[in-house]
Amino acid sequence: VLTGETAAVRKSLHKIRIKSRRLPLSDCKGNVFMGTVVSKGRAKRIVVRVGTKTESGKISHSLTSESKGASSLLVQTPLQRKLTSLGKKLVIIALVLCVAIGILLYFRNGRKNLKEVFKLVIDLAVSVIPEGLVAVVSFTMTMAVRRLAKRKVLVARMSSAETLGSVTVICSDKTGTLTEGKMIAKCVWTCDSRPLMLDGKMDVAQNPIDYSIFCTMFLCNNATLQIDERDSTKLKGIGDSTEIALKLGCVNAGFSSSGEEWSEFCYKVNEFAFDSDRKLMSVIYRTTPSSNDNPFGFVLVKGAPEMLLQKCNYYLKPLLEEFDAQSVDIDPTSQSLEPFHDNIVKAINGCQAFLKPLDDAFVELALKENGEMAGKGLRVLGLAFKSFNESTQEWNDMNQSNEPNLTESNLVFLG
């Protein structure tokens, strides 16, 4: 909004020791600006400027102000500079010629008829000015604008057509110019080597492993989806472009865009935002008493696969191949895997039945798949989870500590 860049800007808690009005906007690391969007993180803010004193207010004031000197601040085009120079030269030539002719006529007539000589000089001066030049230039510019309009180019001022004609080199930022600055979730790789292509509508509710993956994508996420005001059939995301892409992928998999239904089953207890050192983001959820007789908590993590695998001790083995009916209270022969796709609580709790210790062979397989996906130009994220009862020492330790290392340990790799 303020700098024209779509990339997020990291803010700092350090005190600003000089007046921010003297700093360029890119250096105001301790300020957040009205009209901008928080892509990730949380903070408390103190309002220090309102109205036209804000940076957005300054922009609005500069666009709506009609100061007398505003027009003089506009940069002239090459044609305007040439016309200005031509006008000055014509005026000088006209003055010199008129004075010279006036003096000759005055002395030739024996210093008589001064009034007639003055009228003649004025007529000559007026005739030197090309009155039709303005009309010719305006007509030429109009034709240029018309040609641009045929190529679906609209310009606010006719002089812009001449400026475009003078351009020889265009320097542009790729994002927002050659691309839309958007990301799309393309595919999911599961622990049993089943690639899921997210190129259309799909239903993941019948598979507990797939459902757990999409639950993690949806809940370990701070992006918000809302209906696009310009097209009610489309969704518009607010937040980090990667998280928006993950949520849109979940919507294609059958999840609702608002996510309000999750509030009936669980709520967020804590969050550890992504940073460049850990390369992970994790959230802690707790089930509501109304959704489960024995409320428990669970952790959802996403981040760089190579870093995430170091935090995992288990992964999910292929569905129903080695299913142990004694481990969870369901019937594996039933047509509906009810405990898995009812909600996030049952999905993650039920997936405990498929845990398998993480070994070197699986880590090598996952890293190989990570390399292949990255080689295709994809941004790759790993997903993991773990669940625990509130009576365990692990839950007590996480409540007392605010360190992500304790939360992001002993995880189950999903995909």
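## Close-up views of a predicted model

**View 1. An aromatic cluster brings together W189, Y315, F362 and F413.** This is a predicted model, in which local features need pLDDT of at least 70 and side-chain atom pairs count only at pLDDT 80 or more, while totals for chains, interfaces and linings use all residues. Residues are numbered from 1 along each chain as its sequence is written, and side-chain values use heavy atoms, with hydrogens and water left out. Rings of Phe, Tyr and Trp (its six-membered ring) pair if their centres lie within 6.5 Å; planes under 30 degrees apart count as stacked, over 60 as edge-to-face and the rest as tilted. By this rule the count comes to six aromatic pairs.

**View 2. Y285 and F298 form a stacked pair.** Their ring centres lie 5.7 Å apart and their planes meet at 10°, so the pair is stacked. Distant parts of the chain are linked here, with Y285 in strand 6 (residues 280–287) and F298 in strand 7 (residues 296–303), 13 residues apart. Helices (H or I, at least four residues) and strands (E, at least two) are DSSP runs, numbered from the N terminus. Y285 is buried, at a relative accessible area of 7%, and F298 is buried at 0%. Buried means under 20% relative accessible area, exposed over 50%, and partly exposed in between (1.4 Å probe, protein chains only).

**View 3. Y315 stacks with F362.** The ring centres of Y315 and F362 are 3.9 Å apart and the planes are at 5°, so this pair counts as stacked. Y315 sits in strand 8 (residues 312–316) and F362 in helix 11 (residues 360–375), so to speak two distant parts of the chain, 47 residues apart, that the pair links. Are these two residues buried or exposed? Both Y315 and F362 are buried.

View 4. A salt bridge is a side-chain nitrogen of Lys or Arg within 4 Å of a carboxyl oxygen of Asp or Glu, and the structure holds seven of them. K58 is partly exposed at 33% relative accessible area, whereas E55 is buried at 17%. R49 joins E55 and K58 in a network of salt bridges.

**View 5. K268 meets E271 in a salt bridge.** Here the closest N and O atoms are 3.2 Å apart. K268 is partly exposed, with a relative accessible area of 29%, while E271 is buried at 15%.

**View 6. The salt bridge of R278 and E408 links two loops.** What separates the closest N and O atoms of R278 and E408? The distance is 2.5 Å. R278 lies in the loop between strand 5 (266–272) and strand 6, and E408 in the loop between helix 13 (404–407) and strand 11 (411–413), so the pair ties together parts that are 130 residues apart in sequence. R278 is buried at 13% relative accessibility, and E408 is buried at 0%.

**View 7. Two surface patches, one positive and one nonpolar.** Patches are made of residues with over 30% relative accessible area and no salt bridge: like charges are joined within 9 Å, and nonpolar side chains (Val, Leu, Ile, Met, Phe, Trp, Tyr) within 5 Å. R146, R147, K150 and R151 gather in the positive patch; Lys and Arg count as positive and Asp and Glu as negative, with His and the chain ends not counted. The place of a charge is taken as NZ of Lys, CZ of Arg, CG of Asp or CD of Glu. R146 belongs to helix 4 (residues 132–150) and is exposed at 52% relative accessibility. The nonpolar patch is formed by V153, L164, V167 and I170, with about 360 Å² of accessible area together. Accessible areas come from the Shrake-Rupley method with a 1.4 Å probe, and for residues only the protein chains shown count as cover. V153 is in the loop between helix 4 and helix 5 (159–165) and is partly exposed at 32%.

**View 8. K152 has a positive phi.** Its phi is about 65°, although K152 is not a glycine. K152 lies in the loop between helix 4 and helix 5 and is exposed, with a relative accessible area of 81%.
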